[in-house]
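Hello,

Here is the structure I said I would pass on. My notes on it follow below.

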Amino acid sequence: MAYTLFYSPDSANVVVRMALEEIGVDYGALEVDRRQDAQRSPAFLKFNPQGLLPVLVDPAQDEPLFETAAILLHLADQHAALKPLQPGARGRLLKWLFYLSNTLHADLRMLFYTERYAAEAVAVTALRPILHSRVLAHLALLDAEIARCGGPWLLGPAVSVCDLYLAACVRWSQLYPRSDTLGAQHVHALPHLLGLLKMLETRPAVRRAFGAEGISGPLFVSPVYPANASV
Ligand SMILES: N[C@@H](CCC(=O)N[C@@H](CS)C(=O)NCC(=O)O)C(=O)O
């Protein structure tokens, strides 16, 4: 039986969708309307009590999966795809996947939803530049890692789930929050990361994944807002 992906256009589900398209596995997709706050509806909270996207239902699992990195790792393991296959590289896959999830994505979430972390407007304004510097430092570290391991991908010669996650984070950093984004010049200053993003952007599976969410044009460097964006 096929997977079901719960999604909202350009939300973290697009990372999972890239993985599903790259693997070439059959899946269905159900939209959760964030404009109506449907991610907080009792019906959706049964799938993810955090009220966050993405959720992936795998009929072979006893519960729906949430957390982007967990879903990516599950898919990579199930299909022996989008990960280095040599046992000695397992640690590298895990450490960078967790880094993307609990450091880069977590700081981006603070940027996107700063008012949830700081009660007063003045604190929100003060926090944003700190978060911008943190995100830029993370991207610089990732750029250095691509160079260190010989590239062109984050884990070396083969594309992995980490590249999909990283590229989406770079995309969102240039789009959200709409009032205060990182400019594309920061990405242009990181040549190894830039090369990775440009390569990923041309992959048919990646374009299919974004296309399925109504997103076209440049995806990872100077991206444009999707007409159907929910945020
Ligand atoms: N830690 C979660 C974060 C997911 C997340 O931030 N999802 C956002 C969309 S990109 C969301 O559902 N936001 C709705 C909300 O916060 O109300 C993961 O890795 O899946």
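Asp77 is partly exposed, because its relative accessible area is 33%, which falls between the limits of 20% for buried and 50% for exposed. Its side chain meets that of Lys83 in a salt bridge, with 2.9 Å from N to O. Arg90 belongs to this group as well: Asp77, Lys83 and Arg90 are linked in a network of salt bridges. Please keep in mind throughout that this is a predicted model.

A search of the whole structure gives 10 salt bridges.

Glu21 counts as buried because its relative accessible area is 16%, under the 20% limit. Arg208 has 44% relative accessibility and is therefore partly exposed.

The other is between Glu145 and Arg148, again with 2.8 Å between the closest N and O atoms. Here both residues lie in helix 5 (residues 121–148), 3 residues apart, or about one turn of the helix. Glu145 is buried, at 6% relative accessibility, whereas Arg148 is exposed, at 58%.

On charge in general, the protein chain carries 20 positive and 21 negative side chains. The centres of these two sets lie 3 Å apart.

As for the fold, the protein chain contains 9 helices and 4 strands. Their order along the sequence is β-α-β-α-β-β-α-α-α-α-α-α-α. Of the contacts with a separation of 6 or more, 64% are between residues 24 or more positions apart.

On overall dimensions, the C-alpha trace spans about 50 × 45 × 30 Å along its principal axes. The radius of gyration is 17 Å, which agrees with the value near 17 Å for a compact globule of 231 residues. Buried residues make up 52% of those 231 residues. The accessible surface of the protein chain comes to about 10,200 Å², and carbon and sulfur atoms account for 58% of that surface.

Regards

Technical notes:
Residues are numbered from 1 along each chain as its sequence is written. This is a predicted model: local features need pLDDT of at least 70, side-chain atom pairs count only at pLDDT 80 or more; totals for chains, interfaces and linings use all residues. Side-chain values use heavy atoms; hydrogens and water are left out. Helices (H or I, at least four residues) and strands (E, at least two) are DSSP runs, numbered from the N terminus. The radius of gyration is taken over C-alpha atoms; the globule rule is 2.2 Å times the number of residues to the power 0.38. Buried means under 20% relative accessible area, exposed over 50%, partly exposed in between (1.4 Å probe, protein chains only). Contact means heavy atoms within 4.5 Å. Accessible areas come from the Shrake-Rupley method with a 1.4 Å probe; for residues, only the protein chains shown count as cover. Lys and Arg count as positive and Asp and Glu as negative; His and the chain ends are not counted. The place of a charge is taken as NZ of Lys, CZ of Arg, CG of Asp or CD of Glu. A salt bridge is a side-chain nitrogen of Lys or Arg within 4 Å of a carboxyl oxygen of Asp or Glu.
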